[in-house]
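Colleague: I would like to go through this model feature by feature. Please give the general idea each time, then the case at hand.

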Amino acid sequence: MENLLGLMRVRIHRGINLAIRDVTTSDPYVVVRMGKQKLKTRVVKKNLNPEWNEELTLSITEPILPINLHVYDKDIFSLDDKMGDAEIDIHPFIDAVRKRYKNIPSGTIITKIKPSRQNCLSEESPIVWENDQVVQNVFIRLRNVERGEIELQLQWIDIPGSKGV
């Protein structure tokens, strides 16, 4: 734990236009991985536009690793079907946290990350100072699938006594 920088809250809001993996629909859930950490949302039955609104918390350590998202369709009698994946580079977010902003108005945009071939963003993603915290709202386009996006939010949590950023 000596390399612990802090925690990152990942709010998985919803899926948008996810792929069909059963006859006419899917039973999606999201797996969030970072290094050896693995967290999952609940399954939303029969829904291609699920709303999870779940908060998952990751420990952030050195070296800083990307967040990997994997979306699956829950099956009872066979292996769960893959519904796409994505990777989030959190370096720009951590860089914003490291600047230790103080006394700036809530809602101030610190920086914007543009979609590119090097990331999975489906639209511009602002990193914002909101209620004395660094927050990033993200729309992720899923890879290795015919369609689908995930809307989520990243939020930094300082831990007293940790190494800090």
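Predicted model: local features only at pLDDT ≥ 70, side-chain atom pairs only at ≥ 80, totals over all residues.

Modeller: Residues are numbered from 1 along each chain as its sequence is written, and side-chain values use heavy atoms, with hydrogens and water left out.

Colleague: What is the strand order of the open sheet of six strands?

Modeller: Strands are DSSP runs of E of at least two residues, numbered from the N terminus, and two of them pair if DSSP finds at least two bridges between them. Here the order is β4-β1-β10-β9-β8-β7, with antiparallel pairing. β4 (51-61) and β7 each have a single partner strand and stand at the edges, so one side of each lacks a neighbour in the sheet. On average, neighbouring strands of this sheet are turned by 20 degrees against each other, direction ignored; the axes are lines fitted to C-alpha atoms.

Colleague: How many bridges join β1 to β10?

Modeller: Nine bridges join β1 (residues 4-16) to β10, and the two run antiparallel. In this pairing G15 stands opposite I150 of β10. β7 (residues 108-113) and β8 (residues 125-130) are paired over five bridges, with I113 opposite S125. Four bridges link β8 to β9 (residues 133-141), and there I127 faces Q136. β8 and β9 form a hairpin with two residues between them, and N131 in the turn has a positive phi of about 50 degrees.

Colleague: Is Q155 buried or exposed?

Modeller: Buried means under 20% relative accessible area, exposed over 50%, and partly exposed in between, with a 1.4 Å probe and protein chains only. Q155, in strand β10 (residues 149-157), is buried at 5%. A polar contact is a pair of N or O atoms within 3.5 Å, where one must be able to donate a hydrogen and the other to accept it. The side chain of Q155 makes one of 2.8 Å with that of R11 and one of 2.2 Å with that of Q133.

Colleague: Which aromatic pair does a search of the whole structure find?

Modeller: A pair of aromatic rings is described by the distance of the centres and the angle of the planes. Rings pair if their centres lie within 6.5 Å; planes under 30 degrees apart count as stacked, over 60 as edge-to-face and the rest as tilted. The search finds one pair. The ring centres of Y29 and Y72 are 5.7 Å apart and the planes are at 25 degrees, so the pair is stacked. Y29 lies in β2 (residues 28-34) and Y72 in β5 (residues 67-73), so the pair ties together parts 43 residues apart in sequence. Both Y29 and Y72 are buried.

How values were computed: Axes fitted to C-alpha atoms, helices over the stretch in contact; angles between N-to-C directions. Phe/Tyr/Trp six-rings, centres within 6.5 Å; stacked < 30°, edge-to-face > 60°.
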